Amino acid sequence: MRPRGKETGQDTVLGQEPPPAPQPVPPAAASPTDGPAETCPGQQREPGGEEGSALHHAVLRSGYQADEILLTPWRHFPLEDSYPFVPRDEEKWDFVLVSDFHEVGSEKETKRRKFLDELSKKGFTIKKIEDEKLFHGVRAPKQIFRKYQWLLRNPDNPDSRPDAHHEVPVTTRIRIVHFILHHTMTPDFEKLQDLMKKKVFEAAFPLHEKEEGTEFLKEKWARWRDIFCQQPIEKIRCYFGEKVALYFAWLGWYTYLLGFAAVVGLVTFVAGITIFNSSQVSKEICEATDTIMCPLCDQNCPFWLLSDTCTYAKVTHMIDNEGTVLFAMFMAIWATVFLELWKRQRATVVTNWDLYRWDEEEEELAMELINDMQHKPQQYQHSYFRSTIILLLVLVMIAVLIGIAHGLVIYRVVATAFFTQSDFEFLREQANTMAVMTGAVLHYITIVIMTKVNRRVALYLCDLEKPRTLSQRENNFTIKIFTFQFFTNFSSLIYIAFFLGRINGHPGNYVRVAGKWRLEECHPSGCITDLFIQMAIIMLLKQTISNVVEYLGPWVTHKLRKKRQRPKKRSTMSEEEEEDADACRRQWVNNYHLSKVEFLSLFDEFLEMVIQYSFTTIFVAAFPLAPLLAFCNNLLEIRLDAIKMMRLRRRIVPWKANDIGIWLQVLEAIGILAVIGNGLVIAITSDFIPMQVYKYTYSPCMTENSTAVDCSTGYINHSLSIFRVQDFEPHTKVPEMLPGQEITECRYRDYRNADDYSYTVQFWHIFAARLAFLILFEHAALCVKLIAAWYVPDVPKSVKNEFRVRKHTYLREELSMMEYSTEV
């Protein structure tokens, strides 16, 4: 029951704008055209040839009133709107404001009325409908859009000239109204955002319209069955705006080129499987039944035979082979070619939209003036003190994230010791592998938790910076959140790739955590399998669980809201008014029941894909299947995002854009990190370099000049050092001997002398080879990247030629108009 004294239940329309008075048409600007833009419903172009266009422009420049333009031939007048699904202007509502029912005279009710009064003063039409909540539909007056058209007419496109027949696209209407709503200030100096924090308004959103384009997108785009179909980018742009359209265009292009990387990665992996049983190194490990290895832990860990890890060795050399090096080089080139081809694709797309030279700051200033003629531009400011504080806070946050990575390292060390003391034989035998796998799951959990923490911290730091514009705020937030997410996702992987087994010391002198637990060692066949397992688990969990939660969250919320929907109350209105109100009520309530669109909803989608791009490129040398997993995920991601936007979420504000913003710089930085990361993986993590050094320096092929044997023969024995059991640390419990054997020596993975455990000449030889390969690989890859960037121009020649032809045509038209005016 609604309490007494509350607002009336009758639907009302306030602030109807009077019919606009005839406006003088200012002279048109003289500039070349940028080419035809996509025509969306509600936006029309003038048909006709050059002659009629030139005459029409001449009349406009002469300064006549709009109703005095009679010289244009009849065939040049715009056609009537032919879209049967597009409602008339008086039936459209640009935005809906939702609030609870407040007592008449209460503080919240007073604040709400003050805000609505300010909108009415600006000529907004306001319609009130009562249901389970109080809904206010707002519609902006046409004069606002005419001002926008005039101020932001495209000087390179004469068709953008405002007139009575040139409608503003719905996406532009929503964007302008959204800006005015959030910049309208009440007499109490409160804006909509302040009122929403005080629960005066609960929600503000544009409506999903029942239009031809809407139904097309629902049936041909937001469907799982269309997973392999091409995206209708132009229709996405007409409904969600250029920023969303560019996101889906980029995601589609990324997925398309990812298919080639996925095929090469799969071939590399399959080629590795073919040598699963034929690798000489793994054969030696499997046949080493008399090679006794040192214990893997201090307590309850016995001596063990190298042949016990035969399967592990085969898996390692299935991943770590010559094909891995070639694939890493390929991915470094692929990352560059992908970005260069995207720049070309983006240039073509935004040129067709007449946005190639669009200026975001100019649009913002224009909307500020449309909202308030007394507005003064906000000045650029920079504070070294504030920047220093923010830099220090960022460094503190990075230190925290690195500390969490150290915590994961300690967990692996403790877990290994715990598993080795387990009563279960399987856990004791696979202690190291189980520690790696559980550590990867724990790493994923920390990623989920720290993602939320990183978001809050990044937003707080952005508020401290006091960015001048919305785009500047988004750029600052992007840099911070990506930095935090990079350390969250990759700190543990960096440890496994570059530090695991290299800082743990050696038997008799181990490096220990808290003086108790010693650090992990690499398997005798290498550490790259640990990195492979970590990458596989994180990518599978991140892509499967994240996608399920991402889809089920809005879907369950939408179903629960619809189930809790209360029946509407009938009001005493005429039948015609009731029918109109019911149509609006159904539409508004249904939109209200959809999931809320967050301010950074599209940003979250970009961030998810960029982190995936990082996994796909930076450590791809250790996980050749990463592109394939990413490709399969993206096929689902495109349709998942489409279904969320079209069916499960409220309509996103259609922001304008002509590129993907600062994300392009982030992707280029990732491309450079990919070259460095893969070079380090091959040089340090992989056994590729030690094996090549052995083949060409110490193998039987070189020492005995024999070509009848495999040059890798003897590599395992060469890479294992000897430790005397009597030199164990005093507090170390020497494990039980193997049955029937008296053990005086054991082997461990390293290059050390048997007498004093100092590094051998081979160690420094391999170290120099690793360093030389790293320098050579990175310089070669970077040179190839630069050559690819030069070879593939950012802007296609067809786009440049099109600009030139349009400029020539426009200048010729202007010259003809001048001669016509002189003759008259």
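A crossing of two helices is called right-handed if the near helix is turned clockwise from the far one by less than a right angle, and left-handed if it is turned anticlockwise. Keep that in mind for the first exercise, and remember that this model is predicted.

**Exercise 1. How do helices α11 and α25 cross, and which residues meet there?**

Solution. 
- Step 1: Find the two helices. α11 covers residues 322-352 and α25 covers residues 761-791.
- Step 2: Look at the axes. They come within 9 Å and cross at roughly 30 degrees.
- Step 3: Angles under 35 degrees count as roughly parallel, so α11 is roughly parallel to α25.
- Step 4: Get the hand. The crossing of α11 and α25 is right-handed.
- Step 5: Zoom in on the side of α11. Among its residues that meet α25 are Val-325, Met-329, Ile-333 and Glu-340.
- Step 6: Now switch to α25, where the partners include Phe-773, Phe-777, Val-784 and Lys-785.
- Step 7: Sort the residues of this contact by class, and you get twelve nonpolar, one polar and two charged.

**Exercise 2. Are α9 and α10 roughly parallel or roughly antiparallel?**

Solution. 
- Step 1: Locate α9 at residues 280-287 and α10 at residues 310-319.
- Step 2: Check the axes, which come within 9 Å and cross at roughly 170 degrees.
- Step 3: Anything over 145 degrees counts as roughly antiparallel, and α9 and α10 are therefore roughly antiparallel to each other.
- Step 4: See who meets whom. α9 brings Val-281, Ser-282, Ile-285 and Cys-286, while α10 brings Cys-310, Ala-313, Lys-314 and His-317.

**Exercise 3. Which residues have the most contacts inside the largest nonpolar core?**

Solution. 
- Step 1: Start with the core itself, which has 130 residues.
- Step 2: Pick out the residues with the most contacts inside this core: Trp-250, Trp-334 and Phe-619.
- Step 3: Ask which helix gives the most to the core. That's α8 (residues 242-274), with 14 residues.
- Step 4: Leaving aside residues up to four places away in sequence, its contacts include Phe-490, Leu-493, Phe-498, Met-535 and Val-681.

**Exercise 4. How many helices and strands does the chain have, and what share of its residues is buried?**

Solution. 
- Step 1: Count the elements: 26 helices and 13 strands.
- Step 2: Take the 824 residues of the chain; 51% of them are buried.

Note on methods: Residues numbered from 1 in each chain as written. Predicted model: local features only at pLDDT ≥ 70, side-chain atom pairs only at ≥ 80, totals over all residues. Heavy atoms only, no water. Axes fitted to C-alpha atoms, helices over the stretch in contact; angles between N-to-C directions. Helix = DSSP H or I, 4+ residues; strand = E, 2+ residues; numbered from the N terminus. Parallel < 35°, antiparallel > 145°, perpendicular 65-115°, else oblique. Contact = heavy atoms within 4.5 Å. Nonpolar A, V, L, I, M, F, W, Y, C, P; charged D, E, K, R; others polar. Core = buried A, V, L, I, M, F, W, Y, C linked by side-chain atoms within 4.5 Å. Buried < 20%, exposed > 50% of the residue type's maximum accessible area, 1.4 Å probe, protein only.
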